[in-house]
Every structure is written in C-alpha cells, then in structure tokens.
Amino acid sequence: MEFKEKLLASHLAFEGSIDFSDSVHQTRLESLKTFEQKGFPTRKDEAWKYTSLNSMLRNDFALFPETETTIEIKKVKKYFLYEIDTYKVVFIDGVYSPFLSDTTHDGLDVCLISAALSKSKYRKFIDTYFNKIADTKDSLTSLNTSFTKEGAYIYIPKSVVAEKPIELIHFSTGKEKSLWLQPRNLIVVDKNAQVQILERHQSLKPHQVVTNSVTEIFAHQDSFLDYYKIQNDFSTASLIDNTYISQQKNSNVSMHTFSLGGKLTRNNLNFYLKGTNANATLKGVTILDEKQHVDHYTLVDHIKPKCESHQDYKGVFSEGAVGVFNGKIHVDQIAQKTNAFQQNNNILLDDKATVNTKPQLEIFADDVKCSHGCTVGQLDEEALFYLQSRGIPKKEAKALMTYAFANNVLESVELPILKRRINILIAKKLGVNLGFDL
Amino acid sequence: MLSIENLHAQVEGKKILNGIDLDIKAGEVHAIMGPNGSGKSTLSAAIAGHQDYDVTKGAMILEGEDLSELDAEERAHKGVFLSFQYPVEIPGVSVTNFIKTAINANRKAKGFEDMPAKEMLQKIREKSNLLEIDSRFLSRSLNEGFSGGEKKRNEIFQMAMLEPKLSILDETDSGLDIDALKIVANGVNKLRSKDNAILVITHYQRLLEYIVPDFVHVLFDGKIVKSGTKDLAIQLEEKGYDWIKEMA
C-alpha cells in the first residue's frame with residue numbers, strides 16, 4: 001500500500017484515539033479530503049522543483065506510537081538550554097512527556113493543544129485561531145490538520161512579558177524503526193506581549209523519522225516574538241516545517257533558522273503582514289555536508305502599508321549537500337511604503353555540493369523599497385592568503401573564514417546563551433579549532 | 001638572513017619580476033621604492049607565498065632554506081611576515097581571538113603546546129600598549145569597519161605578537177595621517193633588533209623619515225635598477241622617478 005493510502009486508511013483508527021466531539025473535527029475531515037485530492041507534492045509542483053519526497057515516502061512509517069517512553073534527563077540535558085530557567089513542552093515520539101516538561105498556566109499559558117482542544121474555556125480561542133492562518137490548500141499542511149491531536153499551545157496575554165524563554169522539544173527515540181510525526185502548534189502573542197521561543201526536533205539515535213509539523217503564530221498589535229528553530233538532527237531524520245505567522249500593527253517578529261543537520265529539511269516559512277508598521281525578520285544559517293538537503297521556502301506577504309521585512313540567509317555546502325532557497329516577496333497594491341529586503345549568500349566548499357537559489361518578487365504597489373541579492377561562490381582567496389600568511393594552515397583558514405561568513409547572521413540572536421551554543425555548533429560543524437573559547 | 005637571487009615571477013602568465021637580487025642581513029632595514037607598476041607588491045607577495053605568483057626562476061633563501069616551494073603558512077612558520085596594504089576583514093572573529101589562533105598555529109607547527117592563557121594575555125597587553133591600542137579595539141571583529149590607521153596599527157600589532165625574523169611592510173604608510181604614521185613607525189622601530197630584518201615597500205619617501213632604512217633600492221620594470229643609502233630616497237623625492245626610468 002502506498003503511504004498516502006495508508007494515511008487515509010488509518011484516519012478511522014485515529015478518530016478512535018481522540019475526542020472527535022471537539023470543535024475542530026469538521027476541519028480535520030475537510031483537510032483529509034484536501035490531502036486525498038492533492039496527495040504528496042511532487043517535483044512537478046513548482047514549489048517542490050528542487051526537493052523530492054519520493055524516496056522518503058517509501059518507508060513503512062509507524063503513525064501513532066501510543067506508549068509513553070521515558071528518557072533520563074541526563075541523556076537529553078544537552079538539547080535544552082539547561083544553563084537558564086525555561087518553560088518546556090517536551091514530546092517523546094509524539095507523546096507529551098510531563099516528566100521532562102515545565103508548563104504553566106500562571107499568567108500565561110504554556111501547555112498542550114490537546115488540552116486546549118478538549119476544554120471548553122479554550123473553545124473561543126480555538127475557534128478564533130485554529131487553522132485560520134495555515135494554508136488550507138496546501139497538501140502537507142492539510143495532512144497535518146487532518147491528524148491534529150498533539151502539540152504546544154502557547155498564549156501570552158495582553159501586555160505580559162514572558163520572563164523565561166519557552167522551549168518546544170520533540171524527541172524521537174528510535175524505538176520505532178521508522179516514524180511519522182505530525183505535531184500541531186498554536187501560538188498567540190496578544191497585544192503588547194513579548195516572548196522568546198525555541199523549537200527543536202531531535203532524534204536520539206539514527207532512525208527514519210519524518211516530522212510534518214504545522215505551527216500557527218498570531219502576533220497582535222505591538223507584540224514582540226523572537227523565535228529560534230534549531231535543526232541539527234541525524235542524517236536519517238527529515239523535517240517538513242510549515243510555519244504561518246500573522247502579524248498585526250506594529251508587531252515585531254524575528255525568526256532564526258539554524259539548519260546544521262538532517263536528511264531532508266523543508267522550511268515553509270510564511271509571514272503575513274496584516275497590520276501597518278509590522279516588522280518581520282527572517283534569518284537563516286545552513287551548514288551541510290554529506291548527503292543532506294535543506295530547502296528554505298519563504299513567503300513574506302506585505303498586505304498592509306509601511307511594513308518592513310528583512311531576510312538574510314547564509315548557506316555553506318560541501319560533499320554532496322544540496323541547498324535550496326526560494327524567497328517570495330509579495331507586495332499588495334495598497335501596501336505602499338513597504339520596505340522589503342532579501343539576501344541569500346552561499347559558499348560551496350567543493351564541487352560536489354549544489355545550491356539552487358531563486359528570489360521571487362511580486363510587487364503591485366509603486367512606492368516601495370525592495371531589494372534582493374543572491375550569491376553563490378567560493379571563499380575569497382585573498383582572505384585565505386591573509387590568514388595563511390599569519391601561519392594559519394589553509395584548511396583551518398578555510399574553516400575560520402566560513403565560520404566568520406555564517407557567524408554574521410548570529411549578531412541578531414538575543415539570547416546570549418543560545419548565541420554561544422550556536423557559535424560552538426557552527427565551529428564544530430566546520431571542524432574549526434578556533435583555539436579560543438567562544 | 002634573506003638572500004634573493006635572480007628572482008623571476010609572473011602573475012597569470014604575465015612576467016612582473018625580471019631578475020631581482022637582494023641580500024638582507026639580520027639587523028638591517030631595507031626599503032624598496034619605485035613607481036606604480038614596477039613590481040613592488042609582486043615582490044612582497046612572492047616572498048610571502050601568494051599562490052597566484054609563480055616563481056619561474058631564481059631563489060629566495062631564508063637562513064639557508066629556499067622558500068620557493070613552501071606554502072604561505074610554512075613561510076610564516078619560518079619567520080616571514082607580511083603587513084598587508086589592504087588587510088582583510090573577518091567579521092565575527094575578534095582581533096584577540098585571531099591573534100591567539102595565529103600564535104598557536106605557529107607554535108603547533110614548531111611542535112609546541114598552545115601558549116598558556118596568562119602568558120598570552122600579558123603579551124597582548126604589552127604589545128598593544130606599544131601600538132597605543134586599547135582593549136575595546138581588541139574585542140572588535142578583525143579589520144571590520146576599521147579606519148585606515150587602525151588597520152595598519154593592527155598589522156604592526158600582529159607583527160609584534162608573532163615576532164617574525166623578516167617583516168615586509170607593504171605600503172604601510174598608505175591611508176595614514178601623520179599621527180597614525182608616527183605611532184606605526186614608532187612601533188616598528190621598537191621592534192627592530194639585531195636578530196630581525198625589515199623590508200619596507202613604499203612609493204613615497206615620507207615613511208622613511210620615520211623608519212630610517214640602512215639601504216634603499218629602486219625597483220623599475222621588475223628589476224632593481226639602483227641601490228644606495230637613505231639619501232637615495234631623498235633624491236627620489238626631489239626628482240621623482242623619471243630620471244630612473246631614463247636611466248633604465
């Protein structure tokens with residue numbers, strides 16, 4: 001049976017595992033129909049020209065592991081920002097782990113979407129936000145919606161500043177040889193509220209795991225959201241991340257995506273700037289080697305006037321790695337005084353790596369400032385000579401230069417401890433012996 | 001210390017150096033002057049080991065060893081230092097971290113352990129004082145957003161830290177105002193010793209008022225056409241390079 005058929009056939013069993021009297025069940029069923037009609041995207045779809053899911057879909061995935069697995073804290077501590085206090089929502093093989101989590105309802109909600117779906121006091125929220133910004137025509141998003149069951153629910157009320165960052169961590173243990181996960185997250189940052197969120201998908205040993213995740217984010221007027229995605233998984237793990245962000249007036253959202261490992265990673269990152277003076281920042285560092293594949297597919301939709309968006313993606317590829325960047329900027333006819341900038345710079349360390357980069361600008365307003373630039377190149381020989389002339393061997397000089405190139409994006413990381421961690425990850429990834437502590 | 005014999009070099013198939021002979025002894029300061037395009041920067045790049053500069057003939061012997069076949073980093077390990085005319089910017093790597101990396105790379109090549117942190121810190125403090133560099137400067141990204149003067153001061157700071165045998169100062173005075181020039185020259189003079197040698201490459205005589213050379217050579221069309229003492233530099237300043245061209 002093809003995987004698509006298996007998914008469709010299993011929905012009945014899935015319904016048995018949830019409370020289908022909740023208010024979103026009709027949405028689940030409609031979404032299943034959409035997925036049934038559309039199926040998985042293929043390379044014939046323009047949006048998937050450079051990324052094929054074919055070989056991945058040949059696995060016989062386990063769909064709903066039920067049993068809760070426990071993991072010792074010391075084994076996974078390094079995946080947390082253990083140096084500081086944080087809220088945590090942790091899942092193991094798709095199942096919530098109360099043991100590793102640290103949720104709250106005290107002044108803000110950091111909890112589970114399953115709870116929000118089942119309790120009547122959240123009904124209004126769910127009706128207002130659930131599946132309201134996600135692309136209902138997108139097949140993978142629809143697939144996720146149709147199996148909505150578990151994920152994080154975060155609500156930061158009006159004028160509340162979350163005192164601790166929130167970590168969303170999804171572990172997969174490898175107990176199932178191949179596993180298909182579909183977390184569903186809903187995040188609402190109300191007027192004038194502020195929060196920092198980290199998201200990470202991590203397998204604990206090499207095994208075939210695919211995560212098809214959907215996250216809806218609503219940033220209300222004057223809110224601040226600082227979001228970090230850390231993608232540094234085994235090269236057996238794949239991630240399709242579908243993130244939808246709705247921004248109201250004067251809101252400020254920045255999204256950093258660090259793609260440092262994984263078999264296939266697709267980041268569908270969609271910003272909808274629905275209020276004037278909204279500010280969106282999208283930054284990415286991708287460093288890949290071997291047979292790894294990362295596809296950044298971004299959309300910034302300038303719907304209202306006077307909004308600003310900044311995209312800065314840097315990629316370093318070697319040894320058969322493939323990088324894709326497709327950045328679409330849409331400026332609506334009424335979105336005058338838009339400032340939209342996009343930059344994608346890539347370095348190929350050898351001739352076995354590939355990069356496909358494609359800016360897509362659709363501008364229907366006349367009083368706008370838009371710019372885009374993409375480069376694919378090698379390291380600057382003059383700069384390498386400079387380092388070598390100081391006695392630094394060529395291999396280390398290359399690593400140091402690459403480090404400096406990628407590191408530039410980190411300047412806007414607001415969490416010092418995270419910045420340090422990413423610094424070290426990048427240095428390790430590049431095999432740089434920096435000879436100093438970061 | 002360095003003996004250059006009949007050096008021929010080319011860049012992308014174009015012959016630039018056409019038989020240079022130069023003998024620099026320990027403790028000496030030599031200046032190479034010459035008009036634009038005479039091959040001054042090619043000479044410095046060829047000595048330092050830039051891969052685009054092919055040495056087609058001749059030899060460069062540093063303390064008995066021919067440099068020609070060595071990579072740039074190996075030449076650095078042997079004690080060659082080049083102060084760049086246009087130092088490269090490296091965002092995200094501070095001056096301090098860069099110099100630590102360089103020092104330890106040199107030590108590793110010689111089979112030594114990393115320099116102990118305390119010793120490193122003391123040395124950085126001592127040498128940065130020499131060039132009137134403050135600690136805030138040391139934590140900035142290497143050369144990023146540096147003024148011309150800061151870049152050159154940083155080059156000489158690196159020279160002070162690495163303690164090379166042979167330092168080549170390529171157009172170190174370009175882009176410097178008089179105050180910065182004095183600081184840089186003063187730093188260089190303090191680093192002069194009987195055990196090291198300095199090769200100053202410059203278009204103008206100005207720098208040589210502050211770093212006084214023992215010998216001055218005039219480079220034209222890839223050859224040394226005249227050698228003399230510091231008076232030659234003054235002569236060049238007065239008369240320009242035309243009489244040299246005529247002579248050649």
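Predicted model: local features only at pLDDT ≥ 70, side-chain atom pairs only at ≥ 80, totals over all residues.
Start with where the two chains meet. Chain A puts 23 residues into the contact, and chain B puts in 35 residues. Together the two chains bury about 2400 Å², with 61% of that area on carbon and sulfur atoms. Charge pairing across the boundary comes down to one salt bridge between chain A and chain B. The partners are A:Arg390 and B:Glu155, whose closest N and O atoms sit 2.6 Å apart. Polar contacts also turn up here: 13 residue pairs across the interface of chain A and chain B, with both residues at pLDDT 80 or more. On the chain A side, α7 (381-388) and α8 (394-407) each supply at least two of the residues that touch chain B. Sorted by class, that side of chain A comes out as 12 nonpolar, six polar and five charged residues.

Within chain B, helix α6 (residues 148-162) packs against helix α7 (residues 178-191) at an angle of about 10 degrees, and their axes are 10 Å apart. Angles under 35 degrees count as roughly parallel, so α6(B) runs roughly parallel to α7(B). From α6(B), the contact draws on B:Gly149, B:Lys152, B:Arg153, B:Ile156, B:Met159 and B:Ala160. Facing them from α7(B) are B:Ala180, B:Ile183, B:Val184, B:Gly187, B:Val188 and B:Leu191.

Over all chains, a search of the whole structure picks up 29 salt bridges. One of them joins the side chains of A:Lys6 and A:Asp60, at 2.7 Å from N to O. A:Lys6 belongs to helix α1 (residues 3-16) of chain A, while A:Asp60 is in the loop between α2 (25-38) and α3 (73-76) of chain A, so this pair ties together parts that are 54 residues apart in sequence.

Terms used. Residues numbered from 1 in each chain as written. Chains lettered and ligands numbered in written order. Heavy atoms only, no water. Contact = heavy atoms within 4.5 Å. Buried area = accessible area lost by both parts, 1.4 Å probe. Salt bridge = Lys/Arg side-chain N within 4 Å of Asp/Glu carboxyl O. Polar contact = N/O pair within 3.5 Å; in protein donor to acceptor, adjacent residues only side chain to side chain. Helix = DSSP H or I, 4+ residues; strand = E, 2+ residues; numbered from the N terminus. Nonpolar A, V, L, I, M, F, W, Y, C, P; charged D, E, K, R; others polar. Axes fitted to C-alpha atoms, helices over the stretch in contact; angles between N-to-C directions. Parallel < 35°, antiparallel > 145°, perpendicular 65-115°, else oblique.
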